[in-house]
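Open the model in your viewer and keep the selection tool at hand. This tour goes stop by stop: what to pick, then what to look for.

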Protein chains: 2
Amino acid sequence: MGQTRSGLPLALPVVALVVQKFGGTSVADTDRMRIVADHVARCIRRGDQVVLVVSAMGKETDELLHLAAQVSSSAPGREMDMLITAGERKAGALICMALADQGVPAQSFTGSQAGFLTDTNHRNAKILEINPYRIKESLANGIVPVVAGSQGVSPERNVTFLGRGGSDTTAVALAHSLQADLCELYTDVSGVFSADPRVVTRAQKMPLISFDELLEMTATGCPKPAMRSVEVAHSYQVPLHVRSAFTWEPGTLVSDAPSSKEDSPMEQPIIRAVTHDLSEAKVTVSDVPDQPGVSATLFRELAEGSVNVDMIVQNVSDDGLTDISFTVPVGDLERAMEILNGGVAAKLGANGVSADQSIGRVSIIGAGMKSNPGVAATMFETLANNEINIEMISTSAIRVSCVVAADRAEEAVQRLHTAFGLDG
Amino acid sequence: MGQTRSGLPLALPVVALVVQKFGGTSVADTDRMRIVADHVARCIRRGDQVVLVVSAMGKETDELLHLAAQVSSSAPGREMDMLITAGERKAGALICMALADQGVPAQSFTGSQAGFLTDTNHRNAKILEINPYRIKESLANGIVPVVAGSQGVSPERNVTFLGRGGSDTTAVALAHSLQADLCELYTDVSGVFSADPRVVTRAQKMPLISFDELLEMTATGCPKPAMRSVEVAHSYQVPLHVRSAFTWEPGTLVSDAPSSKEDSPMEQPIIRAVTHDLSEAKVTVSDVPDQPGVSATLFRELAEGSVNVDMIVQNVSDDGLTDISFTVPVGDLERAMEILNGGVAAKLGANGVSADQSIGRVSIIGAGMKSNPGVAATMFETLANNEINIEMISTSAIRVSCVVAADRAEEAVQRLHTAFGLDG
């Protein structure tokens with residue numbers, strides 16, 4: 001028993017309130033749903049209070065999107081959200097039935113019923129606040145509440161969808177709102193790894209990780225949990241457990257307990273993970289006059305076009321002209337180029353706009369880098385020794401990122417994982 | 001009473017172990033030392049266990065450096081460290097005498113006696129480990145241990161100095177090693193502010209801040225506590241209280257308790273602070289061939305010359321040439337330029353090396369930026385609307401930084417503080 005200094009229970013209280021989120025693959029078919037129900041029943045028998053959050057079954061969301069595309073070319077936001085959110089409702093209702101078979105009374109709730117008030121940005125709504133009084137009532141009556149993930153209701157009382165991966169956000173936000181002891185994110189991987197195990201065979205599962213390390217990791221390519229949910233967990237310090245609904249083994253605890261530094265010299269830099277992201281494209285706006293307003297115009301226009309700009313690098317040289325490079329999700333690239341070529345580049349006086357889809361972003365994440373300038377040099381050397389060219393660099397207090405050619409990114413991850421002693 | 005979820009005591013346990021560090025101005029003269037002794041005596045009477053860490057008195061370190069410069073042109077590291085560390089020893093011994101006058105038994109300890117083992121990098125040694133058995137013994141005997149800050153002993157048993165601002169690191173590392181309940185850093189400011197109060201009259205003291213926010217803030221110009229100590233506090237989650245030894249009012253608690261987000265819409269980005277740093281210079285190595293090894297060579301040579309590189313921005317354009325810009329402390333600029341012009345620039349095939357000392361780095365720090373691309377755009381617009389040109393941009397998951405002209409940096413901070421609603 002005992003607690004870490006930062007308060008995450010190593011052993012939960014005798015009766016713990018736990019929010020458990022099950023992703024799409026965990027509830028892909030009715031067999032899996034029965035397995036989930038069995039797991040929940042065990043938790044209840046052990047005395048825990050459980051709130052479930054469920055995603056849509058397997059590929060259901062894709063199928064609903066496909067149906068919509070067959071019937072409509074305009075895909076109006078309000079109706080799209082009404083359609084898509086049916087997926088999670090269906091999964092929730094089925095899980096409740098499976099729980100009843102286990103003798104566990106359960107009730108499903110839509111996002112709206114669960115008290116999720118969102119903005120009106122259909123298909124990508126943000127949570128404004130949560131009033132989960134029906135969930136609390138259900139818990140008080142000994143009934144397991146099962147909440148449909150990734151959905152809410154707008155101030156105009158329309159159903160809204162939080163976007164892909166939104167069930168993680170539902171779970172984390174609900175855990176905060178209910179002051180739950182723990183939020184368990186059940187997925188098809190067994191935790192957070194020091195690198196993608198598909199790329200690095202010797203990648204290690206990290207038993208413990210801090211909120212800010214996970215935030216930088218998910219912001220630079222670690223696919224799970226969804227980055228938005230990590231932002232909420234980071235802001236509100238919601239203790240997470242990222243774990244597998246297939247092996248049920250202990251996964252990765254996310255808290256601010258000190259991580260694995262104890263064995264190392266105190267002020268030594270400790271690299272914890274190497275991430276990579278192949279899902280972004282790089283855009284360069286070249287030879288822009290170096291004067292006030294250029295970046296403002298550029299990034300406001302992109303923000304208004306809902307282009308999600310990630311890494312921004314600008315660097316002015318002596319000739320009074322500047323190149324601005326940034327990365328965007330590949331899916332946003334076409335829109336970004338339309339905006340740029342549709343007048344913005346001309347307005348900025350740019351000499352050209354180029355895009356490169358064949359990039360990979362490779363990042364190292366860890367602590368103590370600022371006082372140890374050799375860390376960045378070691379990263380650059382490791383890449384150079386393997387003839388991997390660096391196209392962009394950006395640094396933060398706990399991260400160094402390099403953009404390299406996409407077809408060299410995985411090798412870069414492997415070499416860096418070895419160079420920083422993560423092979424275990 | 002009560003605890004925040006992340007475990008930082010809002011009210012300390014009845015008997016708490018507190019490490020209290022007093023900076024140079026707090027012990028500048030014997031009057032101030034008596035005031036500090038009086039404060040410590042009150043804490044002891046309240047039942048706390050106190051470990052003191054002291055800096056050298058006022059300008060003492062500067063005076064010792066001045067003496068050295070008058071007698072030697074070579075300033076050998078071993079003797080310099082022996083000389084400089086005398087300052088903290090003197091302050092520690094005097095504080096012990098002042099405590100005795102208050103009826104509080106106290107004993108002073110050098111860094112070596114306190115168990116600080118460091119590397120051999122004289123004048124800027126790093127802590128390897130701490131074996132504070134004499135401190136524990138002293139505490140067990142009811143004697144207040146007073147530890148000379150910023151010093152230790154190398155494996156070769158030479159006295160080492162941790163560098164300027166090293167007493168903060170001594171205190172934080174000792175607090176971790178002793179598993180203290182709290183580390184109080186007493187200084188001449190009353191806490192951590194949303195911006196430098198000398199620049200922004202409406203800057204607000206932040207009652208609570210997270211480790212990673214403080215890390216990004218000190219990495220981008222917030223002068224206190226010293227960045228290195230924040231790296232240690234961040235790595236080991238040492239609860240800090242940054243407060244004034246002049247007003248004695250409550251200051252800023254650093255923990256991972258949720259900060260002031262509770263009143264805002266859940267997924268809204270929250271900008272917490274605007275920092276600026278005028279102490280750095282920008283170096284641009286221009287028209288380097290875009291090929292593997294360039295960054296590696298550059299930053300390894302700089303690291304070996306002990307040049308502390310901070311922000312790195314590299315951006316490749318279409319012509320196969322790249323400019324690499326980075327910032328260094330102004331004090332490291334001459335060395336950096338010597339290294340670059342002494343062969344490294346030629347080796348890299350660079351077309352030129354330029355330096356600009358008249359830069360200021362302005363940063364916004366906060367949570368939820370990644371899901372809200374408008375944050376960066378708002379920053380750029382605010383600067384543009386005030387005709388402030390941006391020379392470099394770099395982003396992280398919780399920060400956006402812009403390099404601007406030094407003489408516009410303070411205005412930039414003021415405008416951003418207002419634009420992000422921090423004026424209170």
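The stops below run from the contact between chains to single residues. Keep in mind that this is a predicted model.

**Stop 1: where the chains meet**

Colour chain A and chain B separately. Between them, 76 residues of chain A are in contact with 76 residues of chain B. On the chain A side, the residues touching chain B divide into 34 nonpolar, 23 polar and 19 charged.

**Stop 2: a pair of helices across the contact**

Select residues 294–304 of chain A, which form helix α9. Angles over 145 degrees count as roughly antiparallel, so α9(A) and α11(B) are roughly antiparallel to each other. The crossing of α9(A) past α11(B) is left-handed.

Now show side chains. From α9(A), pick A:S295, A:A296, A:F299, A:R300 and A:A303. They meet residues of α11(B), including B:G374, B:A377, B:F380 and B:E381. By class, this contact of α9(A) with α11(B) has seven nonpolar, two polar and two charged residues.

**Stop 3: the sheet of chain B**

Look for an open sheet of eight strands in chain B. Trace the strands in the order β3-β6-β2-β1-β9-β11-β12-β10. Their pairing is mixed. Which strands form the edges? They are β3 (106–109) and β10 (208–209) of chain B, and each pairs on one side only.

Zoom in on β10(B). Its pairing with β12 (residues 252–254) of chain B is parallel and spans two bridges. Pick B:L208, then find its bridge partner in β12(B), which is B:L253.

Next, select helix α1 of chain B, residues 30–45. The helix packs on the sheet and touches β1 (17–22), β2 (49–54) and β6 (144–148) of chain B. The direction of α1 makes about 160° with that of β2(B).

**Stop 4: a serine in chain B**

Select B:S167, in helix α6 (residues 166–178) of chain B. Is B:S167 buried or exposed? A residue needs 20 or more neighbours within 10 Å to be buried. B:S167 has 28 C-beta neighbours inside 10 Å, so it counts as buried.

Show what surrounds it. Beyond the residues up to four places away in sequence, B:S167 touches B:K21, B:G23, B:V53, B:S55, B:G149 and B:S150.

**Stop 5: cis bonds**

Go to A:K224 and A:P225. The peptide bond between them is cis, with omega near 0°. A:P225 sits in the loop between α7 (211–219) and α8 (227–236) of chain A. Now jump to chain B. The bond from B:K224 to B:P225 is cis, with omega near 0°. B:P225 is in the loop between α7 (211–219) and α8 (227–236) of chain B.

**Stop 6: positive phi in chain A**

Return to chain A and select A:Q179. Its phi is near 55°, a positive value in a residue other than glycine. A:Q179 lies in the loop between α6 (166–177) and β9 (182–187) of chain A. With 9 C-beta neighbours inside 10 Å, A:Q179 counts as exposed.

Finish at A:S306. This residue is not a glycine, yet has a positive phi of about 55°. Its loop runs between α9 and β15 (312–316) of chain A. With 12 C-beta neighbours inside 10 Å, A:S306 counts as exposed.

Key. Residues are numbered from 1 along each chain as its sequence is written. Chains are lettered from A and ligands numbered from 1 in the order in which they are written. This is a predicted model: local features need pLDDT of at least 70, side-chain atom pairs count only at pLDDT 80 or more; totals for chains, interfaces and linings use all residues. Axes are lines fitted to C-alpha atoms, for helices over the stretch in contact, and angles run from 0 to 180 degrees between N-to-C directions. Helices (H or I, at least four residues) and strands (E, at least two) are DSSP runs, numbered from the N terminus. Angles under 35 degrees count as roughly parallel, over 145 as roughly antiparallel, 65 to 115 as roughly perpendicular and the rest as oblique. A crossing is left-handed if the near helix is turned anticlockwise from the far one by less than a right angle, and right-handed if clockwise. Two residues are in contact if their C-beta atoms, placed from the backbone, lie within 7 Å. Ala, Val, Leu, Ile, Met, Phe, Trp, Tyr, Cys and Pro count as nonpolar, Asp, Glu, Lys and Arg as charged, and the others, Gly among them, as polar. Two strands pair if DSSP finds at least two bridges between them.
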